[in-house]
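Have the viewer open and follow along.

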Amino acid sequence: MKSLTHYDIKILIALNKSLHGQKKFFNFLLQNGYPELAAFSNAVRGDEAALHWLFDNNFGSLGVLSNAIDNEKKAVQWVMKSGDDFMIHFSAACRQEKFGMKWLKDKELDVFIIMAQEIITILETQIKDRMFWYRWK
Amino acid sequence: MEIKQIQNRFGKIKMLNSAAIFVLSFMLVFYLYQFFTIIPAFSHQITTIFYTGTIRFDNTTSALSADVWTDADNIMAIFGTAPVVVIIFTLLNLLVLTEFGLRLNESLRIFCYWNIINGIVRVLGNFIFGHIFFLWSSNLITDFLEISFPNAFGKILCVLAAVIVALLCIWATFGLIKYLFNPLLGYIRDKSLYNIALPSLIGVAYLALFFLIPHFNPNELGIFAMILGCVLFIYALVIRKYKHIPPKRNILAVKLNLPLIIFLLALFLVKIITDRGVLIYASLYRNYLTELFLVIGFGLLGLIALIAVAYHLYKRRKQKKKMLEEAKKIFEENNGETDEAFWGVEKHDMSKYKDTL
């Protein structure tokens, strides 16, 4: 089970850009041996096929992480039981739970702080996409 | 030069380019509408005069022409064709924008977006303002169907229904913004301001000069107001929706699209002719089937030729870009250690100046 912390910083920066929806970086990940990260970025952006790909290709932990970020009950429970500190706190930070972001700051995991902030923005945009304009805050 | 100065400079260039694209799209939709009003009128043997902003129909009643203006079917054919064509054109643009989205060139995306807005505003605006100002436009369809005439209540109902549809359509076009610019990159406010909001103001100022001088045109004035209202609404929604994304200013270098701007300024030459009116004469004693086939045939051929030329130019440009990239890659791979033989023969022996240089 490969965690996000095992990847090189450059790859994580590319993942950040891919999360933005920048095709160039998505293709970079795909063509340079990181299809799981490309799929993860699309799964976070709401692509169901990408999520299935992660589960079907032995990257289930990334799939669960994506679901835990979305605050899906079973995925959050699975992450909590896994005992993986990074996954617990990173997914919590993406759900805007203060203890998650604090843990990332304490551990000086700057790249993941930026990534969590990006994911928060993506999730907020996704929520607004599903709402009527008068409910936007 | 300071970054802010660079930003402002490129912002102004972007604004002018986008304004030119807006005007081009407006003109395209306008002429499409006028063309597909004149053609059915011509096929019904009605003489028309094509002015800058309007079409005058020959409404003199004679034994032969009387039937044309009393039959609801004729009215539907003359005033109903253009809205249908513009709706199809709008839907085609919608299809292209949603299918290809961010993969398209930015100017093309903006052009498609303006085509959609102009298409909606043209069809509904002509109907609404036609009813309000009693014009010879698509409003006559509901008049002849006896929905909005002689009953004034029906007229108000028709206008209200059209206004509601217009508001819904404009609301729907806001959803297309995400196909136009990637909101997550943080440039969306900057890009909406410089590519949509401000260019529409400049474009409307240009179009006001074109359509409202010397003859006042209430229909076009209403359409300008609709466009500005639509843009304002969309821009306000963009700010409200994406305020959680930290804004960034886009400082990507852009070049002024001079050929397009010159083309649009040259359109004033067309205005000189159309201000006087272009008479399209149709005799009541002739059937124009052959002429129509010829016009439509040549028109289609011209369109196909234009698309072919555009496609050829696009392909050539792409090929050139690819070749340049390949050459750049070769240079980068060689890492500056290019074989001397690669550079060819030196014409002059410069070695004696070695110490002085």
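At what angle do helix α1 (residues 9-19) of chain A and helix α3 (residues 35-44) of chain A pack, and how far apart are their axes? Keep in mind that this is a predicted model.

## The helix pair in chain A

The angle comes out at about 35°, and the axes of α1(A) and α3(A) sit 9 Å apart. As for handedness, α1(A) and α3(A) cross in the right-handed sense.

Who does the touching? On the α1(A) side you'll find A:Ile11, A:Leu15, A:Ser18 and A:Leu19, and they meet A:Leu37, A:Ala38, A:Ser41 and A:Val44 from α3(A). Sorted by class, that contact has six nonpolar residues, two polar ones and no charged ones.

## Where the chains meet

Now for the contact between the chains: chain A puts in nine residues, and chain B puts in nine residues. On the chain B side that touches chain A, five residues are nonpolar, two are polar and two are charged.

## A three-stranded sheet in chain B

Chain B has an open sheet of three strands, in the order β2-β1-β3, and the pairing is antiparallel. The edges belong to β2 (55-57) and β3 (278-280) of chain B; each has a single partner strand, so one side of each goes without a neighbour in the sheet. From one strand to the next, the twist averages 20°.

Zoom in on strand β1 (residues 48-50) of chain B: β1(B) pairs with β2(B) over three bridges, in the antiparallel sense.

Helix α2 (residues 72-100) of chain B packs with helix α3 (residues 106-133) of chain B at an angle of about 150°, and their axes are 9 Å apart. Angles over 145 degrees count as roughly antiparallel, so that is how α2(B) runs relative to α3(B). The α2(B) and α3(B) crossing is left-handed.

By class, the contact of α2(B) with α3(B) has twelve nonpolar, four polar and two charged residues.

Terms used
Residues numbered from 1 in each chain as written. Chains lettered and ligands numbered in written order. Predicted model: local features only at pLDDT ≥ 70, side-chain atom pairs only at ≥ 80, totals over all residues. Axes fitted to C-alpha atoms, helices over the stretch in contact; angles between N-to-C directions. Helix = DSSP H or I, 4+ residues; strand = E, 2+ residues; numbered from the N terminus. Left-handed = near helix turned anticlockwise from the far one by under 90°. Contact = placed C-beta atoms within 7 Å. Nonpolar A, V, L, I, M, F, W, Y, C, P; charged D, E, K, R; others polar. Pairing = 2+ DSSP bridges. Parallel < 35°, antiparallel > 145°, perpendicular 65-115°, else oblique.
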